[in-house]
Each structure stands twice: as C-alpha cells, then as structure tokens.
Amino acid sequence: MIALIPLFPLLGFAVNASMGRRLSKTISGGLASLVMLASFAVSVMVVLQVASLAPAQRVVEQTLYTWISSGDFVLDLTLRVDPLASVMILVITGIGSLIHIYSTAYMHEESAPEYARYFSYLNLFAFFMLVLVLGANFLVLFVGWEGVGLCSYLLIGFWFEKRSAADAGKKAFVVNRIGDYAFILGTLLLFVRFGTLDFQRLASAVAPLGAETTFGVLSVATLLLFIGATGKSAQIPLYVWLPDAMEGPTPVSALIHAATMVTAGVYMIGRNAVLFSHAPETMAVVAVIGAATALMAGTIGLVQNDIKRVLAYSTVSQLGYMFLAMGVGAFGAGIFHLYTHAFFKACLFLGSGAVIHALHGEQDIRNMGGLKAGLPITYWTFLVGSLAIAGVPLLAGFFSKDEILYETFAHGHVILWTIGILTSLLTATYMFRLVFLTFHGDRRHDAPAPQHPEEEEPAGHRPAADLHRPGADLHRPAADLHRPGSDLHQPGADSHRPAADLHRPAAEAHHLHDAPPAMALALVVLAIGSVLAGYAGVPHAIGGNNALGAWLAPSFAARSATTLADQAVGEVGEPGAGEAGEAGGEGLELSLMVVSSIVALVGIGLAAFIWLKRREIADKAAAAFPGLYRLLLNKYYVDEVYDATIVQPIRIVSQEGLWRGVDVQVIDGAVNGTASIVDGSSSLLRRLQSGSVRAYAGSLFIGVVLILGYYLWR
Amino acid sequence: MIPLGHYLIVSAILFAIGTAGVFLRRNLITILLSIEIMLNAVNLTFVAFGRAQGNVDGQIITFFVMTVAAAEAAVGLAIVIGLFRHRESLNPDAFTSLKW
C-alpha cells in the first residue's frame with residue numbers, strides 16, 4: 001500500500017519518458033496530474049490508517065525487499081510512514097498535484113515532446129521526493145536525496161538552449177554535491193559508530209546516551225549531516241544555487257525550489273531529531289546558521305528587482321527560520337513552518353508565474369505595476385500568500401512563525417529571537433514591496449537598459465562557474481525598443497517564454513489575460529490553504545491545542561518496543577506541546593505574538609508608505625547609502641567571493657596543475673617517454689641488421705661457439 | 001683399428017676448413033662448396049660415433065644429411081643463378097639490400 005505512493009509518479013514518469021513523444025499534450029499532462037492525484041489519494045488513506053493507531057504506535061511499515069545483505073550488514077528497502085512522514089507526503093502529493101495541474105496550462109506553449117519531457121521530470125521528482133521522506137533508513141533516504149538533486153538539475157536546465165539556464169543547473173548540481181559529500185560522510189560515521197542506518201534503531205541507540213558535552217562523534221556526524229542539509233535546503237554557505245535556480249520554469253520553482261525539495265534538509269534534521277538533540281554543539285550551529293541565513297536573505301530580498309528572485313531569497317530566508325527552529329530544539333515548530341510555508345510559497349510562486357505568463361516573460365518588477373485590475377485572481381491569491389508569509393495574524397504563516405519565535409525566546413536565545421523579529425519585519429516589507437510594485441500604481445517601464453553591469457540584476461546570467469559579465473547580455477534588448485509603444489513584447493527576450501511571439505495585439509489591455517482555469521484552480525486552492533493551514537497548529541496560548549505539534553511529537557522521540565512514546569517524548573524534551581512551554585509560557589507567548597504581529601503590520605505599513613505613497617524615498621535611501629545598496633543588490637558579492645576563492649583556484653589548479661602538469665607532463669610524458677625510449681634503443685639496435693649475409697653467418701657462428709664453449713668448459 | 005679420436009680430429013679439421021671457407025671466400029659458389037665440406041665433416045663424425053658404439057644410428061642420420069645437402073645444393077645453386085642474373089656478381093658483399 002505504501003509502495004503505491006511513490007510508484008504512481010514513477011509510472012507517470014515511465015510512460016511520459018518512453019512514449020511522451022507520441023502522446024498529445026492533453027494525455028501526457030493529464031496522466032502526470034492523474035498519477036499525482038492517485039498518489040495523493042493513497043497518501044490520504046495511509047495517513048488515515050496511521051491516525052487510527054494509538055499515538056505511540058503510529059507507524060506503518062512496508063519492507064519491499066532486502067536491498068543489501070553483506071555479512072552482518074543487512075539493509076532492507078523499507079518504506080515507513082510515521083507522523084512526520086505523513087505530513088511530508090501529504091504536502092508533496094497534495095501541493096505537487098496542484099502544481100502539476102497548474103503546469104498543464106503554464107507550459108502549454110511548449111511543443112508536445114518538450115511538454116512530455118517536462119512532465120516526466122516532474123513526476124520523477126515527485127517519485128524521488130516521496131522515496132526521500134518514506135525511506136526508513138539513511139540509504140533509502142539518500143537515494144531520494146540524490147534523485148531530487150538530479151531532477152532539480154534537469155528542471156532548472158529545462159530550457160537548456162539558454163546558456164544561463166544550463167549554467168544554473170550545473171551550479172545547483174555541483175553545490176548540492178558538496179553538501180552530499182558531507183552527508184555521506186556523516187552517514188558512514190553513524191554506521192561505524194552504531195552499526196545501523198535505520199532511523200528508529202539509531203534513535204533507540206542514541207537515546208540512552210547523555211547529550212554530548214564535548215565535541216564527539218555525534219557532534220561531528222550531525223554536523224556533517226547538517227552540511228548536507230545546507231546544500232539541499234539552501235543555507236549559508238551553500239545557498240547560492242537557489243536564486244539561480246529561478247532559471248527553470250516557474251512551476252518548478254514553486255514545486256522544487258520552494259515547497260518541497262528544499263525542505264529535505266529540514267525534514268532530515270527532524271527525522272534525526274534524537275541524534276541532533278544529543279549534540280548541543282551542532283544544534284547551536286544549526287540555530288545560528290539558520291538565523292544568519294534568514295536575516296541575510298531577507299536583506300537581499302529587499303532590493304532585488306526580479307519577481308522570482310525576491311521570492312527565491314524569501315524562500316532562503318524562510319528556510320532559515322525552519323533551521324532556527326530545528327536548532328533551538330523546536331522540531332515541531334520547524335516542521336509546522338515547513339508545512340505552512342509550502343502552501344503560501346507555492347501560492348506566491350504560482351502567482352508570480354501567472355504574472356510572468358500574462359506579461360509574456362517579463363520578470364522585472366520595475367516594468368510592472370497596476371496589474372491589479374487586469375489580473376484579479378492572481379492579485380487576490382498573491383495578496384493572501386503575501387499576508388500569510390508576512391505573518392499577519394490568523395493566517396498560516398502567523399502561527400508557524402510565531403511558534404518558532406516563541407520557542408526561540410523560550411529556550412533563552414534572545415539574540416536569535418531579535419534576529420528573527422528583524423527578519424520578520426524584512427519579510428513583511430519586501431513581500432509587500434513586491435505586491436505594491438507589481439500590482440499597484442501605474443504600469444511602468446522603469447528597468448534601465450543594462451549598460452551598468454553592477455546595477456542590472458543579471459537574473460542568474462552570472463553563476464559562479466561562469467566568467468562572462470552581463471554587460472553584453474543579449475537576453476534583454478535595449479529598453480527603448482519597447483518603451484514608447486503600448487506593446488509589451490520583448491521580441492527575442494526569451495524565445496521559450498510562453499506565447500512570446502504568438503499573438504501581438506495592439507493595446508496592452510487586451511493582452512493581460514488572467515490565469516487560465518487550470519492555473520486559477522491551483523492558485524485559489526493554495527490561497528485557501530495559506531489561510532487555513534495554520535489552524536492545524538494553533539498554540540495553546542490562544543485557545544488552540546497545537547494538534548500538529550502533538551501529532552508530530554512521537555516522530556522526534558526514540559521509539560522502542562517496550563517503552564512508549566509518552567515517556568520518550570519527555571526524554572528528548574519535545575517542546576511544541578510539551579510541558580516546557582506550559583509553565584511561564586502562555587502570557588509570554590501572547591505578548592510575543594503581539595510583538596510579532598505588530599512587527600508584521602509595521603513592515604507592511606512601511607512598504608505601503610514607501611512604495612505606494614513616496615517612491616522617491618526608496619531611491620533616496622538607495623542614493624544615501626550607495627555602498628550598502630550596491631552590496632545588497634549584488635547579494636553581498638557572495639557569488640563573486642566564491643568565484644574568486646573557490647571556483648577560480650580550482651580552475652587554475654585543474655588547468656595549470658592537473659591538466660598541464662599532471663596530465664600532459666606525467667601521464668602523457670610516461671606514455672610518450674616509453675615510446676621514445678623504444679625508438680632510441682631501436683635506432684641503435686637496427687644497425688646490427690646490415691643486410692650482409694656473411695655478417696649474419698659470422699654472428700651465428702660466434703654464438704654457436706660461445707654456447708658450446710660454455711657447456712663444454714663450464 | 002683407428003681410434004675414435006683420430007676420426008674426430010680429421011672431422012674437426014674439415015669443419016674448420018669449411019668454416020674458414022664460408023667466412024673468407026668472396027665467391028658464392030665457393031661458399032656453397034665450403035658448406036658442403038662442413039656438412040661432410042659432420043657426417044664423418046656421425047659415422048665414426050656409430051661405428052665406435054656398434055650401431056647404425058650414425059649412418060642413418062648421415063643419409064638424411066646427404067639428402068638435405070643435395071636439396072640444399074639444388075636450391076642454393078638456383079638462388080646463386082638468380083642472384084647472378086640480377087647483379088652480375090657472385091660476391092656476397094654486393095647483396096646487402098635486405099636491411100632497414
């Protein structure tokens with residue numbers, strides 16, 4: 001039964017990959033969406049089955065077969081649904097289905113084979129992601145872990161004829177690989193130390209141990225796992241691939257780079273909550289990195305001009321929140337935020353996709369504005385998503401983000417809490433900057449022609465591995481070309497964007513078609529989700545019972561056959577619904593909630609004031625602090641620093657040392673040297689072949705004499 | 001009865017004469033003749049040993065050697081004629097084109 005959940009998308013992938021060329025778009029897109037819906041249906045059934053069990057026994061397992069059996073080491077291919085996995089599979093299949101449906105409309109301008117290729121990748125991604133969350137041990141998880149990385153690469157580089165997309169795909173793959181390397185090392189270390197890779201057995205093995213006070217095996221192993229998580233979940237220092245991943249189609253950004261794949265790292269930490277909570281050193285690192293990432297990405301998001309990049313940095317920032325929660329031990333809160341974030345971030349990304357779709361590929365918010373009237377569905381859903389992410393009370397993001405902030409404060413990390421609140425302010429501000437610049441005001445064409453490379457956001461045309469500067473960017477024709485007329489087209493801006501050249505009405509108004517039904521459906525459902533998802537975890541302080549926290553709690557505790565979860569929960573101190581919050585908590589929680597609500601509203605108000613009323617303030621601020629503005633616009637020059645400190649040295653060592661040195665000199669030298677030694681000695685030896693028969697006869701004779709002489713007189 | 005050593009000494013002398021002929025003479029026909037002398041020196045050795053040991057093995061081998069020598073003479077003379085037609089010379093030092 002459980003196996004059906006990943007197998008449905010795999011089936012869709014197999015059909016679309018093998019026969020997609022010959023299928024019509026309706027069939028390939030419909031099939032892809034149907035298998036996701038089927039998978040969602042099975043997931044719901046499995047989760048209901050899990051929910052019917054007693055809280056301590058909420059595990060359903062299915063062992064497909066023994067994968068590896070070598071001496072003492074036996075590894076089964078086991079799928080396991082526990083409360084944590086159940087949340088994940090519902091998010092993946094549920095939101096995944098919506099995004100598949102959305103994609104059927106969004107990608108409709110592609111040719112049929114491309115269309116099928118797209119959906120086969122999307123299904124393959126869903127398959128691997130489900131394997132990742134269902135796997136009951138590290139190796140099965142790792143299969144999914146690598147698989148989603150592969151699909152991410154394939155989908156970012158979906159429009160691979162475009163140089164920047166291909167580069168972004170490579171960058172994502174390589175950066176992820178660095179994290180995966182650490183992840184493997186961590187896995188191996190755990191196996192060497194505990195002799196098992198099964199999550200539950202590991203947790204049971206670790207649970208009796210005391211928390212590591214010194215920097216021991218567990219700390220090292222969890223730290224390595226966390227580095228893997230930073231790669232997959234885009235945290236400092238490996239976050240650089242995510243903003244560039246926006247080169248992919250927008251639904252992909254929504255599905256992979258916002259709602260599901262990037263949460264894999266958070267999920268992995270939640271899955272190994274027992275391990276991490278026994279390594280306080282690692283937890284501190286996780287919390288600090290999470291908070292730092294949240295703040296840093298938030299500040300970058302404030303000045304970016306590409307609609308998808310703002311959302312990308314917002315994703316990085318929100319993932320930082322999740323890691324902050326994980327790091328302070330609030331695993332339930334982190335997963336809660338993961339779950340609500342999936343709704344509103346998918347909603348926002350799909351909304352931005354609808355905007356881009358309507359504007360035929362325009363992504364620069366300086367060229368937008370006043371779209372509210374033309375795109376009502378998109379506007380309202382986008383607004384709901386923004387309100388949710390900003391943390392406006394009673395929407396999804398409010399509950400989850402407040403829980404994280406409260407837990408952070410309650411665990412005594414006041415500095416981290418301050419950073420969190422600051423980020424919350426930034427979140428509200430940059431999200432509403434986006435809303436106001438995109439949908440309010442008048443239609444603008446403000447984006448400067450890209451004559452100053454450092455001012456123009458190159459939109460991923462400058463991955464670290466690549467040296468070409470965007471000053472000579474060919475993807476963006478001079479602004480004058482489309483400024484005077486009412487025509488919005490940027491001919492040649494991007495031949496892949498939907499409908500770029502298909503129809504060219506004279507007036508802009510005719511052009512702004514709102515989201516087609518399939519897209520509107522996904523947007524509306526996700527917007528409703530963005531409002532309601534939070535009610536799964538209403539905290540005690542305002543009369544809820546934090547159902548999600550209680551539901552998830554057993555997953556973060558060691559489970560053994562004899563001792564039941566109630567006891568174990570207390571043992572690792574599951575904080576969400578536990579006693580920790582109870583004591584001094586509710587008053588504090590309420591006051592913190594008020595603070596963060598005020599902060600959110602202030603952020604929105606600030607954005608409204610600056611970008612609705614007095615736009616010149618923003619320009620003045622930018623002019624007043626040119627250094628800071630430039631620093632933020634260029635994303636703290638992290639890509640450039642990585643390029644200079646890592647990429648270029650590796651390139652130089654590879655080129656001058658490994659290629660010109662080792663390969664050419666040593667390896668080729670050895671091969672060619674052998675040949676020239678043979679050649680040289682032969683040129684001496686061949687003088688013996690004089691062609692004179694008598695010389696041959698003489699040497700023959702002398703040889704015979706010598707041999708005979710040796711035997712006769714030895 | 002002549003002791004075995006005498007036969008062997010004669011045979012060795014004949015073989016040395018033949019060898020010297022092969023190396024020193026500049027005429028292919030003479031060289032061929034020298035080779036025949038060497039072969040016959042060997043024949044003499046075989047026969048001498050056969051007689052000394054009282055069996056006929058040496059004589060049987062000698063017949064084989066004579067047969068081969070006859071064939072060799074025929075082929076050798078044919079080659080000599082061919083070479084002479086080609087180069088108008090019987091000096092083996094003139095034929096050195098088979099080299100690198």
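## Confidence

pLDDT is the predictor's confidence in each residue, running from 0 to 100. For chain A its mean is 84, with 87% of the residues at 70 or more. Two stretches of chain A fall under 50: residues 450-509, with 98 contacts beyond four places in sequence, and residues 560-583, with 48 contacts beyond near neighbours. A contact here means two C-beta atoms, placed from the backbone, within 7 Å.

This is a predicted model, so local features need pLDDT of at least 70 and side-chain atom pairs 80 or more, while totals for chains, interfaces and linings use all residues. Residues count from 1 along each chain as its sequence is written, and chains are lettered from A and ligands numbered from 1 in the order written.

Helices are DSSP runs of H or I, at least four residues, numbered from the N terminus.

Skipping neighbours within four places in sequence, F125(A) touches V148(A), C151(A), L155(A) and I256(A).

## Helix α10

I256(A) is also one of the buried residues of α10(A). Buried means 20 or more other C-beta atoms within 10 Å of a residue's own. In this helix (residues 250-259) 10 of the 10 residues qualify, so it is largely enclosed by the rest of the structure. Their packing partners in chain A include α3, α4, α5 and α15.

Terms used: Buried ≥ 20, exposed ≤ 12 C-beta atoms within 10 Å, placed from the backbone. Helix = DSSP H or I, 4+ residues; strand = E, 2+ residues; numbered from the N terminus.
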